[in-house]
Amino acid sequence: MRRPVESKLRPVIQVEDRACRRIISLISPALDQLRENPQVGREEVPGLLERLAEVPDPRDPRGVRHRLAVVLALTACAVLAGATSLLAVGELIADAPEYVLEQVGADLDPLLPRRVLPAETTVRRLLARIDGDALDLAVGNWLADRRPKATGLRGLAVDGKSLRGTAKAKGRKIHLLAALEHATSLVLAQLDVGEKTNEITCFQPLLDTVADLAGTVVTSDAMHTQREHADYLLARGAHYIVIVKGNQKKLRRQLKSLPWKDIPLQGRTQGIGHGRSEIRRIKVATVNSLLFPGARQAVQIKRRRTDRKTGRTTVMTVCAVTSLTAEQVTAAQLAELVRDHWKIEALHHVRDTTFAEDASQLRTGNAPRAMATWRNLAIGALRTAGVKNIAASLRRNARDPRRPLALLGLG
């Protein structure tokens, strides 16, 4: 009796095998396409709330009424609406309408039909205890995810800034080292330089938090013209342009001894701004024996500045070295990279004038650093949206609570 049954089942099994092989033949090309194009099917970029959820909560979980990401998101919205102090942050949160609380994920009150608002004291205590490194990492990653795709050489400026108001209030002296992308003016990383150290020791830890440095040109002032920094950047596949001054005496003497008079002028630009006119001339020479790791070209830039009010003219000569070869970069591109380094000073100027950072005497715990991080986020979100006038945009945001939500991708 078994043989007839097996004979009846055999054709069915063969049909199923053919169907399986057919399905596999259809799936295989799709899998090959995914392997060739890893971007296909990639997960969506994390939003701000997801990034803020990565920050560890410093509070005891017992009795917590407001989720950490909610408080941080409301603070970010308040700074985007022009808040320059924690008092102003608390007032803007207290006036937040229901739809803002809903968009940031605020919890409903278990007793009343409304959402729970964090008080100013809650925000103040939380920012004082927040992990500043984790917060900067979350904000930096969120900004990096939304920057436009770079074309050409990507510049990254490294420079520090002291929060002077904290020192005036007899608090801990806070000095922050930041990395800003030239093209977008976005702060991709920030680190607190401790009182008992300096920027030099924080250079590598700062750039360790930047995901991909390969092909990036890192610019810095003379303080960071250090051999260890050059070795680190080259090991990560990055390039550098560093200014040479007295801290590298042998290299400086070598650059001064080059026959600059015999080297032809390779670029000349002229600009007007900050109450002065400036003419910049650049000469570049390929030198294979420079006394600095990986250095391939020597650069001389002469700046002739004329004060438009007094008529006084000053001439300054700046020497630099770079790991970029003549095949990788032109003299005009080198001049632009050196000039664009000062975009990080423009960021500091906006934080001081528009957000009154140096006037703030907030000094409790990590709150001063956290507020600096929110200012970086606000400026970065506005720059990404194409805003030119930061102050005018902050006033505009204050008139409509929906605008900060839209800029942060929350509404």
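Is Arg154 buried or exposed, and what is its relative accessible area?

Tutor: Arg154 is buried, because its relative accessible area is 13%, and buried means under 20%, with exposed over 50% and partly exposed in between (1.4 Å probe, protein chains only). The model is a predicted one, in which local features need pLDDT of at least 70 and side-chain atom pairs count only at pLDDT 80 or more, while totals for chains, interfaces and linings use all residues. Residues are numbered from 1 along each chain as its sequence is written, and side-chain values use heavy atoms, with hydrogens and water left out.

Arg154 lies in strand S1, which covers residues 154–162; helices (H or I, at least four residues) and strands (E, at least two) are DSSP runs numbered from the N terminus. Its side chain makes a polar contact of 3.2 Å with the side chain of Thr216. Such a contact is a pair of N or O atoms within 3.5 Å; within protein, one must be able to donate a hydrogen and the other to accept it, and residues adjacent in sequence count only if both atoms are side-chain atoms. Apart from neighbours within four places in sequence, Arg154 is in contact (heavy atoms within 4.5 Å) with Arg147, Glu181, Leu188, Val210, Asp212, Gly215, Thr216 and Val217.

Consider next helix H7, residues 132–146, whose 15 residues reach 22 Å from first to last C-alpha, close to the 21 Å expected; the expected span is 1.5 Å times one less than the number of residues. At its start, a side-chain oxygen of Asp131 comes to within 3.1 Å of the backbone nitrogen of Asp133. Among the buried residues of H7 are Asp136, Trp142 and Leu143.

S8 and S9 (residues 313–322) run antiparallel and are joined by 10 bridges, with Lys302 partnered by Thr317 in S9. The hairpin of S8 and S9 has 5 residues between the strands, and Gly311 there takes a positive phi near 80 degrees. S9 also pairs with strand S5 (residues 239–243), antiparallel over 3 bridges, and Ile241 stands opposite Thr322 in S9.

For the whole picture, the protein chain holds 16 helices and 9 strands, and 45% of its 411 residues count as buried. Of the contacts with a separation of 6 or more, 64% come from residues 24 or more positions apart.

Key
Two strands pair if DSSP finds at least two bridges between them.
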